[in-house]
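Please open the model in your viewer and keep the selection tool at hand. We will go from stop to stop together.

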Amino acid sequence: MNAVSQASPSAGQGARIVTIDVLRYRPEQESTPSWQSYAVPCCEEWTVLDALNHIKDHLDGSLSYRWSCHMAVCGSCGMMVNGNPTLSCKAFMRDLPDRISIAPLANLGVIRDLVVQQNRLLDGLLAVKSWLIPRELPPRDDQYRQTPAQLAKYRPLTMCINCMLCYAACPQVALNEGYVGPAALALAQRYNLDSRDGGALERMQTTASDDGVWECTFIGECSEVCPKHVDPAGAIQQMKLASSLQWLAQRAPGGSSS
Amino acid sequence: MNAKVHYPTLPGNWWLKRPSYLRYMLRELTCIAIGAFAILLVFALLRLGQGAEAWQAFRAALATPLAIAWQLVALVFALYHSVTWFALAPRTMLLQIGTRRVPAGWIAGAHYLSWVVLSAIVLVLSGA
Amino acid sequence: MHTVHADVIIVGAGGAGLRAAIAVAQSDPALRVALVSKVYPMRSHTVAAEGGAAGVIKSPDTLDAHFNDTVSGGDWLCDQDAVEHFVEQAPKSLRQLEHWGCPWNRDDAGGVQVRSFGGMKHQRTWFAADKSGFHILHTLFQTSQQFPSIQRFDEVFALDLLCADGAVGGITALHMQSGEPIVFLARAVIIATGGAGRVFPFTTNGAIKTGDGMAMAYRAGVPLKDIEFVQYHPTGLPGTGILITEGARGEGGLLVNKDGYRYLQDYNLGPPEPHPRPKAMELGPRDRLSQAFWHEQRKGRTIKSAFGDVVHLDIRHLGEKVIDERLPMVRELARAYVGVDPVHAPIPIRPVVHYSMGGIDTNINAATQIDGLYAAGECACVSINGANRLGSNSLTEILVFGEQAGLHAAQHARTHPATAETQWQPAIAASFAAVHALLERPKSSETLVGLRSELHELMEGAAGIYREQATLREASDKVAVLRQRYRTLAIDDHSMVFNTQLFQALELGAMLDVGEAMVHAALARRESRGAHQRLDFPERDDQHFLHHSLVHYGGEQPPSLSTKPVTITRSPPAARVYGGATT
C-alpha cells in the first residue's frame with residue numbers, strides 16, 4: 001500500500017565491491033587491536049556508515065561502533081577513515097577508493113572496536129565551566145537583548161557537535177593527558193564571547209592554565225578536520241591574547257581585575 | 001567496572017604522518033633562523049662598537065660562500081615564518097563589521113602591505 | 001552487580017530528561033538525581049530537531065490562538081486542560097532557555113525572532129537558525145553541568161522498571177562498556193526516552209529512537225495512550241529519510257508535483273498564494289500534507305527517483321542570502337545527501353515517519369498511574385498533541401513537561417521513604433536473567449536483522465499513512481508471531497564489552513511491543529482522525545471515537561484495549577479547516 005524505498009545492496013545493481021579494513025579491538029579476546037578485512041558491495045550513494053551497517057547486518061554482527069542521527073548533528077560516529085578523523089555518516093563511498101581503512105578515533109582510549117572514550121571532552125567541558133555565567137540578572141518576564149551582530153560574534157562556536165574529531169587531530173591531546181582539548185576550549189570561548197556572559201575571568205582559571213590554551217601550539221589541525229567549521233584553533237589563539245592582556249592589566253599600575 | 005581499555009601511544013615520528021604536521025614542524029623550526037638573526041644583530045652592534053676594522057672583518061665573514069649559503073637558507077625560513085604568521089594572524093583576532101567577520105584576506109593583506117611599506121622605508125634609509 | 005541509591009532516577013537525557021534533571025536540582029539541591037541514558041546526552045535525538053519551538057510572544061498572537069491552533073491541529077483529541085497549561089507555560093519555558101544562553105535568532109532590536117510554522121495562525125515559533133533542537137539540547141546539557149546533585153550515568157542501558165503495589169522503586173540497567181548489571185533505587189522515576197520512529201523502516205529518527213522507555217512502562221502496567229497516532233513529516237529526503245525542516249516552508253518554500261503544480265490546492269488547503277499563508281497550502285498541518293502526497297502518488301503525479309516516488313520542495317525563490325541565514329543546514333543536507341543545491345534546484349522529498357503522538361499515559365502533572373513514575377517528552381502522551389502534532393510544539397513540550405515531571409518527581413521523592421534493595425531481589429534477578437538468556441542463547445533460526453526487517457515491512461504495509469481493516473488484522477496476527485519468534489532469538493556476539501548487537505536485540509524487543517500496540521490500537525479506531533487515516537472509515541466519528549485509546553500489555557498474549565475520555569474545556573469539536581476558509 002505504501003511504497004517502501006530503501007537503499008539495499010542488491011548484487012549487480014551498480015554495486016562496487018570495496019575492501020574495508022577495520023581496526024578491531026575485543027578486550028575479552030585480544031590484548032591489542034588487530035585488523036580485519038571485509039568485502040562490501042557498496043551502493044553509489046552510501047556513506048561509510050551505510051557500509052558499516054551492511055557489515056554489521058550481513059557480514060559480522062560483532063562489529064561495534066556508535067551512530068544515531070545519520071545527518072552529522074549528533075556527533076556519535078567519529079572515526080579514522082584512511083587515517084583522517086571523519087564522521088562516518090558524512091563520508092561518501094563515492095569519494096573513496098576500492099580499499100579503505102577504518103580505525104577508532106586517534107589519541108583516545110579504545111573501549112571496543114570503533115568505540116572510544118569520551119571523557120577527555122566531558123571532563124574538559126566541566127573544567128572550563130561551559131555554561132552561561134550571566135553578566136547580570138535576566139530581566140523579569142523578558143529575554144536578554146542581544147543584537148544580530150552580538151549573536152554573530154559567538155554563533156560559529158555554538159555549532160560544536162562534540163564529535164571529538166579535533167581531539168583525534170591534535171597531537172597535544174596525545175602528548176599531554178591533562179590538556180582539556182580544542183572543543184572544550186572552543187566552548188569556553190563561545191561563552192566568553194556571548195554578550196550575556198560575564199564569566200571569562202572565572203574560566204581563565206582553567207583556560208589560562210597549563211592544561212588550557214597554553215598547551216596549544218597552533219598546529220591548527222583541529223580546525224581543519226572540524227565538520228562544523230567551528231575553528232577551535234582560532235578560538236584558542238583569541239583566548240591566548242585575552243589571557244595575556246588580562247595578565248598585563250593585572251600588573252599595570254593601579255591594575256585591577258575587571 | 002572498567003573493561004580493559006586500549007590506550008594508543010603517539011609514535012615519535014607523529015609529525016611525519018600528515019603533511020600538515022610536517023609543515024607545522026618546519027614553521028616551528030623557523031624560530032632557529034629568527035633567533036640566529038637576532039644574535040647576528042647583537043654581534044653586528046658589538047663589532048660596530050669596536051671600530052671600523054672590526055666592522056669590516058665582520059662584513060667579510062658574512063661574505064664567505066658558507067655564510068652566504070646559510071643566509072639564503074635563513075631567508076627562506078624567515079619568509080616562511082612571515083607568510084605563515086600572516087596567514088594565521090586573522091584567526092587570532094575577532095573583527096566584525098555588522099554581522100560579518102572581516103574577511104581573513106583583508107587582515108593578511110594589511111600585514112603584507114605593512115611589510116612592503118616598512119621594507120621600502122628601510123631600503124630608502126639605507127640608500128639602496 | 002552495582003547498586004546506586006538516588007532520590008530521582010531519570011531515564012533518558014534528551015531535552016525532556018535534562019530539563020527534568022535541572023528542575024529537580026533547582027527545586028532541591030539535596031535530592032540526588034541519577035540521570036541514566038544509553039547514549040551521551042548530546043547524542044539524544046532532540047539534537048536533530050530543526051524548525052523551532054512555539055511560544056506566544058509577538059502580538060497580535062494570543063494564548064487563545066495557540067490553544068486553538070493546537071487543539072484543532074490535534075483534531076480535538078488533545079486534553080484541553082493540558083493544552084491550556086502548555087500554551088501558558090510555553091513562553092516562560094523558552095525564555096528560561098534564553099536566560100540559560102540559548103542562541104535564539106534575533107531581530108534588529110535584539111528581541112527574539114519568531115517565524116511561521118505549519119498549522120499556526122500567527123508567528124510564534126522561536127528558532128535558532130535551522131538547528132533549534134541542537135541548540136536547545138546543548139544549552140540544556142551545558143547548563144546541567146552546574147548542578148553537582150545531577151549525577152550522570154552515560155551509556156547505561158535501562159532494562160526494566162522495578163514496581164510493586166502500584167508504586168515504583170527503581171530500575172535495572174546494564175553498564176554498556178562492561179556489561180555489568182546495575183540497579184538504581186529511588187522513590188521517583190521519570191521516563192524521558194523519546195519516541196519510537198524506528199519501528200518503521202523509513203524515518204527521520206536516529207538509530208536510538210526504538211521506544212525503549214515506552215516499552216518499559218508498558219510492560220510495568222502503564223497503558224500506551226493513542227499509540228496508533230504516528231506522524232509522517234511531509235518533507236524527508238528520499239533514501240536516508242533525513243529531515244528537511246518545516247521551517248523551509250515557514251520561510252516560503254513550495255511543494256510541487258511532477259508538473260510543477262502546487263498540488264496541495266487540490267486537497268482543501270488552497271487557494272495558493274505566492275507566499276504560503278498561515279494554515280494554508282504548504283503551511284497546512286503535517287498529516288494533511290503527508291496524506292496529499294499519498295493521493296498524488298496514487299494518481300501518478302509524483303516524480304520517480306532512485307528511491308521511489310518524490311515531490312519537489314522549492315526554495316530557490318528565497319535567494320541565497322535568506323537560505324544561508326535561516327536555512328543553512330537545509331542547504332548543507334540537500335547538497336551532501338541528495339546532491340542538490342537548493343539555491344539552484346528543488347529538493348526531492350517524500351513523507352517519512354517522524355513523531356509519535358502517542359505514548360506513556362500521563363496526566364497534566366506528567367504522572368502515570370504508577371505512584372512515583374512520571375514521563376515527559378515524546379515518550380509520553382499527556383496529551384497535548386492529540387491526533388496530530390503541530391510543528392514546533394514538541395520542542396516546547398519537552399521543556400514544559402520536562403519541568404513538570406522534575407518538579408513533581410522531586411516533590412514525590414521528598415515525601416516518600418526509600419525502599420530496601422532486598423524487596424526487589426526477585427524482580428532484579430528476573431530482569432538480568434532474561435538478558436543473560438538472550439546473550440547466551442546458542443544459534444537459532446531467528447536473526448536480529450531478519451526479525452527487524454519483517455517488523456518493518458509489516459508496519460510500513462499495515463500502519464502507514466493510510467490503513468485498513470484487512471491488512472491491520474493480518475498484521476496483528478503476524479506481529480504476535482514475531483514476538484513469539486523473538487523469544488528464541490540468538491545473537492552472534494556473546495561478549496560483555498560494548499556489545500552493540502545485544503543492545504540492538506534489546507531494542508528490537510521494545511520495538512516489537514510498541515509496534516504491536518500500534519497495530520491493535522489502529523485496528524480498534526474505526527474512524528479517520530488526524531494522522532490516523534482509515535480507507536475503510538474515512539470520516540471522523542466524534543460520536544463513537546472521541547476518546548483516547550489505551551493499550552494494555554498482555555505479556556505473551558496480545559494486548560487488551562480500553563479507552564479514556566478526552567478532556568474538553570472550551571473548544572468543542574468542530575470541523576478542522578485549513579486553507580481558504582476563514583479561521
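This is a predicted model: local features need pLDDT of at least 70, side-chain atom pairs count only at pLDDT 80 or more; totals for chains, interfaces and linings use all residues.

Residues are numbered from 1 along each chain as its sequence is written, chains are lettered from A and ligands numbered from 1 in the order in which they are written, and side-chain values use heavy atoms, with hydrogens and water left out.

**Stop 1: chain B against chain A**

Select chains A and B. Here 22 residues of chain B are in contact with 38 residues of chain A (contact means heavy atoms within 4.5 Å). The two chains bury about 2300 Å² between them, 56% of it on carbon and sulfur atoms; buried area is the accessible area, with a 1.4 Å probe, that two parts lose on being put together, summed over both. Now highlight Lys4(B), His6(B) and Arg91(B): in chain B they lose the most area to chain A, together 26% of what that side buries.

Which residue forms a salt bridge with Arg18(B)? Select Glu221(A), and you will find the closest N and O atoms of this pair 2.9 Å apart.

Next, colour helix H1 (19-49) and helix H3 (65-92) of chain B, the elements that give two or more residues to the side touching chain A. Helices (H or I, at least four residues) and strands (E, at least two) are DSSP runs, numbered from the N terminus. H1(B) gives the most to that side, with 5 residues.

**Stop 2: a patch on chain B**

Stay with chain B and select Leu16(B), Leu22(B), Leu26(B), Leu29(B), Ile32(B), Trp70(B) and Val73(B). They form a nonpolar patch on the surface, with about 620 Å² of accessible area together. Patches are made of residues with over 30% relative accessible area and no salt bridge, with like charges joined within 9 Å and nonpolar side chains (Val, Leu, Ile, Met, Phe, Trp, Tyr) within 5 Å. Accessible areas come from the Shrake-Rupley method with a 1.4 Å probe, and for residues only the protein chains shown count as cover. H1(B) gives the most to the patch, with 4 residues, and Leu16(B) is in the segment before H1 of chain B.

**Stop 3: chain C against chain A**

One to zoom in on is Glu332(C) with Lys228(A), whose closest N and O atoms are 3.7 Å apart.

**Stop 4: backbone details**

Most residues other than glycine have a negative phi, and most peptide bonds are trans. Select Ser59(C) and Pro60(C): the peptide bond between them is cis, with omega near 15 degrees. Pro60(C) is in the loop between strand E4 (53-54) and helix H2 (63-73) of chain C. Another cis peptide bond joins Gly270(C) and Pro271(C), with omega about 5 degrees.

Finish at Ala72(A), which has a positive phi of about 60 degrees although it is not a glycine. Look for Ala72(A) in the loop between helix H1 (48-59) and strand E3 (78-81) of chain A.

Methods:
A salt bridge is a side-chain nitrogen of Lys or Arg within 4 Å of a carboxyl oxygen of Asp or Glu.
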